[in-house]
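Here is a short briefing for a reader who is new to this structure. Look through the sequence and the model, then read the points below.

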Amino acid sequence: DFKYPVFMSSSILPYSKKRTYKDSSLRELFQMSASMLESYRQKKSRVSDVFDADREARLYVLIDIYEAYHGLVWHNRRFYMNPLTGHLESVIYDAFSDNKDFVFMNKPYLGFNEGKHRTSYNYEMYFAFQAFNDPEFRRAYFKWMDYYLNEFDWSSYFGETNEGLEA
């Protein structure tokens, strides 16, 4: 368990530093992205101001469904600046399903945001839970949750075998 705010103290750096700083367009995109991310980190912007809220919410729902919570930890995320939308998009990696490490959440799912669950005091997951303070993100999250639980055809997604799907 980390005792310091990893999310708040991490440097925001481009993925390929030399290439990014050498190319003026890439450098400009990075500077804009870093400024947006910093604004979100400092709580000056909502998740929907910085990220594509619908896309981000869908990602969170899929992480919930697969219990791949490790991918939401700050150091397991990269961000892509979509120049067409002007928003950042999360790129998640190291998203495995080992719920033992995430017992601290004490939540049935990420969007469970009632009472004492409205705030995250865990520095590692602060970035992830901060998104739920944005009403636009919450609406999109529950829209996607409803879709995947009630409309999505899981049997065609997994094929005819459905091994491991029956509870």
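How many helices and strands does the protein chain have? The protein chain has eight helices and two strands, taken as DSSP runs numbered from the N terminus (helices are H or I with at least four residues, strands are E with at least two). This is a predicted model, in which local features need pLDDT of at least 70 and side-chain atom pairs count only at pLDDT 80 or more, while totals for chains, interfaces and linings use all residues. Residues are numbered from 1 along each chain as its sequence is written, and side-chain values use heavy atoms, with hydrogens and water left out.

**Overall layout**

- From the N terminus on, the order of elements is α-α-α-α-α-β-β-α-α-α.
- The protein chain has 167 residues, and 39% of them count as buried.
- Buried means under 20% relative accessible area, exposed means over 50%, and partly exposed lies in between (1.4 Å probe, protein chains only).

**The largest pocket**

- The largest pocket has a volume of about 730 Å³.
- Its lining holds 25 residues, and the closest to the pocket centre are Leu13, Pro14, Tyr15, Phe30 and Phe79.
- Two or more lining residues come from each of helix H2 (17-22), helix H3 (24-41), strand E1 (77-82) and strand E2 (87-92).
- H3 gives the most, with six residues.
- A pocket here is an open set of points on a 1 Å grid over the protein atoms alone, where a 1.4 Å probe fits, with protein on both sides within 12 Å along at least five of seven lines; lining residues have an atom within 4 Å of a point.
- Volume is the space filled by probe spheres set on the points, which are joined across faces, edges and corners.

- Gln42 lies in the loop between H3 and helix H4 (47-50).
- Gln42 counts as partly exposed because its relative accessibility is 37%.
- The C-alpha atoms of Gln42 and Met8 are separated by 8.1 Å, although the two are 34 residues apart along the chain.
- Ser48 is found in helix H4.
- Ser48 has a relative accessible area of 9%, so Ser48 is buried.
- The side chains of Ser48 and Glu136 are joined by a polar contact of 3.4 Å, meaning a pair of N or O atoms within 3.5 Å; within protein, one must be able to donate a hydrogen and the other to accept it, and residues adjacent in sequence count only if both atoms are side-chain atoms.
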